[in-house]
Amino acid sequence: MEQQTSDRTTRDEQYMARALGLAKMGLGRTSPNPMVGCVIVREGRIVGEGFHEAAGEAHAEVAALREAGPRATRACVYVTLEPCCLKGRTPPCTEALIDAGVARVVAAMEDPNPRVSGRGFDRLQAAGIDVACGVLESEAVQLNEAYAKWIRTGVPFITAKWAMSVDGRTAAARGTRTRLTGDEANRRVHELRAASDAIVVGVGTVLADDPQLTTRLPAGQAPHRQPLRVVVDSQARMPIESVLARTVHETPTLLVVTDRADEHRMSALRSAGVEVVRLSSADGRVDIPSLLAELGRRELCSVLLEGGSSLAGSFVAAGAVDKVVAFVAPRLLLAAEAPPVMDPPVNAAGLETMVLRDVQIERVGCDVMIAGYPAEEEGEQQCLPV
């Protein structure tokens with residue numbers, strides 16, 4: 001692949017930034033496909049743009065080529081992900097680029113799909129097209145972090161989200177609901193939901209809050225689809241009169257149980273339209289690796305873990321958390337019965353601390369958002385600019 005001069009690098013970064021902005025327009029719409037944006041430039045002018053709008057729809061390169069038409073000949077194509085070389089629901093993008101007669105392709109990152117990785121570039125180069133890769137790569141990698149994990153491992157990317165007081169508590173007492181954060185933080189939560197394929201909670205959250213677990217954003221930001229609502233409930237205790245059960249025909253709900261679940265309760269919930277699946281158990285609870293495998297099998301790439309403290313501890317103990325997003329409210333919950341963010345992780349006696357890397361700290365209204373990725377090894381924490 002070509003080496004870039006500094007002038008060309010600056011120009012490439014400008015056009016790639018535009019392509020990344022286009023890719024983000026597919027947020028919450030493309031799964032299990034990645035988000036991809038494409039910009040076609042000829043003689044210093046943008047002649048075509050596109051992004052992948054939804055799984056099964058035209059890929060970003062094809063959409064941009066349609067807009068460019070014959071102006072794509074000898075043009076430079078900026079795309080946020082290596083062009084695909086496989087025939088799936090749509091034809092390979094490599095062949096569309098070759099047929100259009102483009103001169104150069106600049107990609108932000110290689111496709112993590114083992115069936116594609118590097119092969120798309122090889123096909124383009126074999127056709128005489130100049131190829132460059134790595135422009136704004138870190139931004140592209142973060143954009144498709146959920147897709148990358150799912151395509152490589154078959155299990156979803158888990159973002160653990162919670163709201164807490166300054167002293168690390170989530171409610172005034174167990175089994176009760178206490179609103180901690182303000183409107184701006186709550187809007188951020190709905191944006192996280194809109195970007196997720198599924199929301200996972202424990203039955204304790206359902207019993208305490210009777211939540212909707214839906215994405216509620218202004219009309220202009222309305223999601224392409226609502227995420228699947230997943231309740232981890234080893235004994236099938238979710239009430240038949242709960243909001244989740246009553247609205248299942250509007251937004252699907254999956255109840256995950258173990259062999260401890262009562263058959264009559266499962267039958268009643270199924271009759272109400274709730275999908276019930278029985279998985280293996282560990283210490284009387286739903287086995288987290290089995291749950292991850294089931295969600296991955298359903299092509300759910302990004303999962304938002306919302307509650308509660310017991311489930312959060314189980315996910316941490318299983319090493320299943322890929323990202324943490326915590327909203328800290330300027331409040332203290334001083335009652336002795338106020339529950340912590342998570343119960344001590346089960347069977348994780350050796351786990352004393354979890355260090356986050358690439359930490360982002362941002363003020364959101366009156367609250368503070370802290371986001372980061374669990375580090376494989378302890379080391380110096382790095383904060384990113386916001």
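This is a predicted model: local features need pLDDT of at least 70, side-chain atom pairs count only at pLDDT 80 or more; totals for chains, interfaces and linings use all residues.
Local features here need pLDDT of at least 70, side-chain atom pairs count only at pLDDT 80 or more, and totals for chains, interfaces and linings use all residues. Residues are numbered from 1 along each chain as its sequence is written, and side-chain values use heavy atoms, with hydrogens and water left out.

Let's start with two helices. Helices (H or I, at least four residues) and strands (E, at least two) are DSSP runs, numbered from the N terminus. Two packed helices are described by the angle between their axes and the distance between the axes. For α11 (residues 288-297) and α12 (residues 309-317), that angle is about 90 degrees and the axes are 9 Å apart. Axes here are lines fitted to C-alpha atoms, for helices over the stretch in contact, and angles run from 0 to 180 degrees between N-to-C directions. The two helices are therefore roughly perpendicular to each other (65 to 115 degrees; under 35 counts as roughly parallel, over 145 as roughly antiparallel, and the rest as oblique).

Which residues of α11 and α12 meet? Ile 288, Leu 291 and Leu 292 come from α11, while Leu 311, Ser 314 and Phe 315 come from α12; contact means heavy atoms within 4.5 Å. By type, the residues of this contact are five nonpolar, one polar and no charged. In that scheme Ala, Val, Leu, Ile, Met, Phe, Trp, Tyr, Cys and Pro are nonpolar, Asp, Glu, Lys and Arg are charged, and the others, Gly among them, are polar.

Stay with α12 for a moment. Seven of its nine residues are buried, so α12 is largely enclosed by the rest of the structure. Buried means under 20% relative accessible area, exposed over 50%, and partly exposed in between (1.4 Å probe, protein chains only). The buried residues of α12 include Leu 311, Ser 314 and Phe 315. What covers them includes α11 and several strands, among them β6 (157-165), β7 (198-202) and β13 (302-307). Just after α12, Gly 319 takes a positive phi of about 65 degrees.

In the loop between α11 and β13 you'll find Cys 301, which counts as buried at 4% relative accessibility. Leaving aside neighbours within four places in sequence, Cys 301 is in contact with residues including Ser 31, Pro 32, Trp 150 and Phe 157. Pro 32 sits in the loop between α1 and β1 (37-42).

A search of the whole structure finds one aromatic pair. The ring centres of Tyr 15 and Tyr 78 are 5.1 Å apart and the planes stand at 40 degrees, so the pair is tilted. The rule is that rings of Phe, Tyr and Trp (its six-membered ring) pair if their centres lie within 6.5 Å; planes under 30 degrees apart count as stacked, over 60 as edge-to-face and the rest as tilted. Tyr 15 is buried at 14% relative accessible area, and Tyr 78 is buried at 3%.

Now for two threonines around Arg 229. Thr 251 lies in the loop between α9 (243-246) and β9 (253-257) and is buried at 6%. Beyond residues up to four places away in sequence, Thr 251 touches Thr 214, Gln 226, Pro 227 and Arg 229. Thr 253, in strand β9, is buried at 3%. The side chain of Thr 253 makes a polar contact with the side chain of Arg 229 (3.1 Å). A polar contact is a pair of N or O atoms within 3.5 Å; within protein, one must be able to donate a hydrogen and the other to accept it, and residues adjacent in sequence count only if both atoms are side-chain atoms.

Most residues other than glycine have a negative phi, and most peptide bonds are trans. Leu 213 has a positive phi of about 55 degrees although it is not a glycine; it lies in the loop between α8 (203-209) and β8 and is buried at 3%. Asp 358, in strand β15 (residues 356-364), has a positive phi of about 50 degrees and counts as partly exposed at 26%.
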